[in-house]
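Student: I would like to get to know this protein step by step, with questions that can be followed on the structure itself. Could we go through it together?

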Amino acid sequence: MDLLKKFLNDELPLAFVWLILGLFAGLVYAIEMLGLDGSMTLLSPERARSLHISQMLYGFFPLMLSLLPFALFEKEGILSETAIGHLRRYFVVWNLFLLFMSMALLFGNIRGLPFYDFPYQLNFLLAFSGLFYLLALLDALRRYEKRPLWVNVSLVAVIAAPIALVILMNPQYGQVEKTLIGPHGDNTLGMSFTLIPIYYLLIKLVTTQEFKPRWHWLWIIPLVGYVISLVIRNFLHNLSYNEEWFFQYLTLLYLPLLWVWLRDAGVSFNTNPYLILSIWAFVFVDVEGNFLFIPEIRALIHRNDLVVGHAHIAMGLGVAFMALAILHHLLPALFRRVYAIAWTVLMALMALALTIAGVLEARGEGGAIEPFLEIRALIGALLVGIIVWITVERLKFKLDSPLKLYHVSGFLSDAGGGVILILAGAALFPLLGFHFSGTYEYIVFAFMIGTGLAHWYGIHHDSHRFAEFTASVRAVCTSVFVALYLAGTLDGIALLVALYDAGFALVYWLFLRGKH
């Protein structure tokens with residue numbers, strides 16, 4: 001697995017940034033629900049929630065999940081450097097999308113939707129990334145003498161996905177806004193169906209024996225049902241409650257199908273704990289979802305047709321562990337079994353706490369829900385801690401020279417400080433007695449992050465060249481800030497920034513420049 005393993009190692013640091021950002025936004029939202037006032041920061045409750053959900057749906061997990069066909073290609077010995085090159089370009093464009101999406105949501109450019117809140121135009125950037133993914137896929141496909149069925153299915157899906165993305169997400173004629181109200185059991189059927197071929201490919205990836213799927217009628221019947229539901233909803237009439245319940249009920253056919261596949265493939269918890277836990281989460285959510293569709297039970301436990309822990313199990317365990325199953329297969333030493341168990345226990349406790357809180361709030365019996373929200377926040381902090389710990393394990397390096405220490409200090413102060421100031425500068429500046437206009441300051445904060453990233457590269461490559469570059473940039477910025485301060489255009493913050501940058505540059509030029 002050398003090609004894909006090396007590629008994954010290169011891409012993991014940035015991918016972890018998106019995962020940590022998404023989890024941190026969820027933690028901030030959880031704390032805000034307990035009374036924290038985030039109105040003076042970019043992570044106000046509605047923005048924090050939107051960023052959290054969007055990063056979970058479009059960030060780390062889908063990126064890692066997209067590696068699945070290429071892990072299979074490598075297992076079958078047909079993955080090439082050319083395909084990896086196209087895959088790198090795909091990651092570049094997708095990462096740009098995540099950057100643009102995150103900034104758009106932080107600065108309040110949201111659509112008010114529960115799941116697809118970022119500006120619609122960014123879907124075209126996603127579609128563009130799909131072109132490179134298609135090129136990578138085609139390079140691998142041409143190396144088959146006879147393409148297997150799963151390969152042809154993957155090809156059709158990749159060609160159709162960008163087109164479907166741009167159409168379905170359109171705010172005028174797309175399907176997103178049409179299915180926001182009500183239980184939408186037919187959509188649940190459709191979303192569940194998309195997971196079945198992924199589970200098939202994951203089982204095929206991790207098994208050590210020949211695997212041929214059987215009992216195809218168990219996925220064909222739900223697929224036909226989903227198509228019928230789309231025809232009824234879009235061309236005949238809105239689906240009734242019982243009709244939606246019937247279509248959701250078809251998802252139960254997936255349960256024996258997955259059991260047969262796992263048994264035939266000989267896949268167990270020891271083979272890949274993340275995959276087994278993902279399937280167990282899928283089974284739990286499937287059964288729970290159909291149970292909650294009973295009108296009397298739904299009316300009893302929640303007034304808005306939602307038990308809030310349901311989605312956390314579905315996404316936080318079911319879909320997330322699909323992606324982590326691939327990473328465990330490729331990098332078992334980093335994504336160990338203990339993390340799978342710890343993550344599962346924490347997510348289950350969070351879902352339980354949120355469900356109890358939802359039931360108490362919906363029944364209006366005066367039960368205090370704050371303790372359960374506190375549990376949610378505490379578990380969120382622990383989940384962030386697990387990912388930060390794994391990230392630190394991946395980023396370990398030797399701090400064996402004063403120049404490396406210099407670069408680490410620059411990265412933490414500039415990149416870390418820049419992120420903090422972007423998120424909370426509007427609250428911090430007045431506390432320090434400085435004026436905050438909310439315009440040019442954000443550009444300065446972004447520039448700080450850029451300088452910090454230059455220090456990051458200096459830790460790993462050509463330390464003196466990057467130190468010279470950052471010192472020169474700091475000197476130019478210092479001269480401009482001093483000039484603006486002396487002209488009375490900027491207040492004391494300009495002098496403070498100038499002193500900081502000048503000091504950092506002089507440390508290198510006076511004490512570290514000639515040392516190797």
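**Aromatic rings, helices and loops**

Tutor: One aromatic cluster is formed by Phe7, Tyr58, Phe70, Phe73, Tyr90, Phe91, Trp94, Phe97, Phe118, Tyr133 and Tyr144. The model is predicted, so local features are taken at pLDDT of at least 70 and side-chain atom pairs only at pLDDT 80 or more, while totals for chains, interfaces and linings use all residues. Residues are numbered from 1 along each chain as its sequence is written, and side-chain values use heavy atoms, leaving out hydrogens and water.

Student: How many helices and how many strands does the protein have?

Tutor: Helices (H or I, at least four residues) and strands (E, at least two) are DSSP runs, numbered from the N terminus. Counted in this way, the protein has 0 strands, and its helices number 20.

Student: What share of the residues is buried?

Tutor: A residue is called buried under 20% relative accessible area, exposed over 50%, and partly exposed in between, with a 1.4 Å probe and protein chains only. Among the 516 residues in the protein, the buried share is 51%.

Student: Which kind of pair do the rings of tyrosine 58 and phenylalanine 118 make?

Tutor: Rings of Phe, Tyr and Trp (its six-membered ring) pair if their centres lie within 6.5 Å, and planes under 30 degrees apart count as stacked, over 60 as edge-to-face and the rest as tilted. A search of the whole structure finds 36 aromatic pairs. In the pair of tyrosine 58 and phenylalanine 118, the centres are 5.0 Å apart and the planes stand at 90°, so the pair is edge-to-face.

Student: At what angle do helix α1 and helix α4 pack?

Tutor: Asp2, Leu3, Leu4 and Lys5 in α1 meet Phe70, Ala71 and Glu74 in α4, where contact means heavy atoms within 4.5 Å. Axes are lines fitted to C-alpha atoms, for helices over the stretch in contact, and angles run from 0 to 180 degrees between N-to-C directions. With their axes 9 Å apart, helix α1 (residues 2-32) and helix α4 (residues 68-75) pack at an angle of about 150°.

Student: Which residues does glutamine 55 contact, leaving aside its neighbours within four places in sequence?

Tutor: Glutamine 55 lies in helix α2. Because its relative accessibility is 1%, glutamine 55 counts as buried. With neighbours within four places in sequence left aside, the residues in contact with glutamine 55 are Trp18, Leu21, Gly22, Phe60, Leu98, Met101 and Ser102.

Student: Which residues does arginine 376 contact, again leaving aside its neighbours within four places in sequence?

Tutor: Arginine 376 lies in helix α16 (residues 370-394). This arginine 376 is buried, because its relative accessible area is 13%. Leaving aside neighbours within four places in sequence, the contacts of arginine 376 are Tyr29, Ala30, Met33, Met350 and Leu354.

Student: What is the phi of tryptophan 215?

Tutor: Tryptophan 215 is located in the loop between α8 (185-206) and α9 (217-236). At 35% relative accessibility, this residue counts as partly exposed. Although tryptophan 215 is not a glycine, its phi is positive, at about 60°.

Student: And what is the phi of aspartate 462?

Tutor: Aspartate 462 is found in the loop between α18 (440-460) and α19 (463-486). Its relative accessibility is 45%, so aspartate 462 counts as partly exposed. Aspartate 462 is a residue other than glycine with a positive phi, near 45°.
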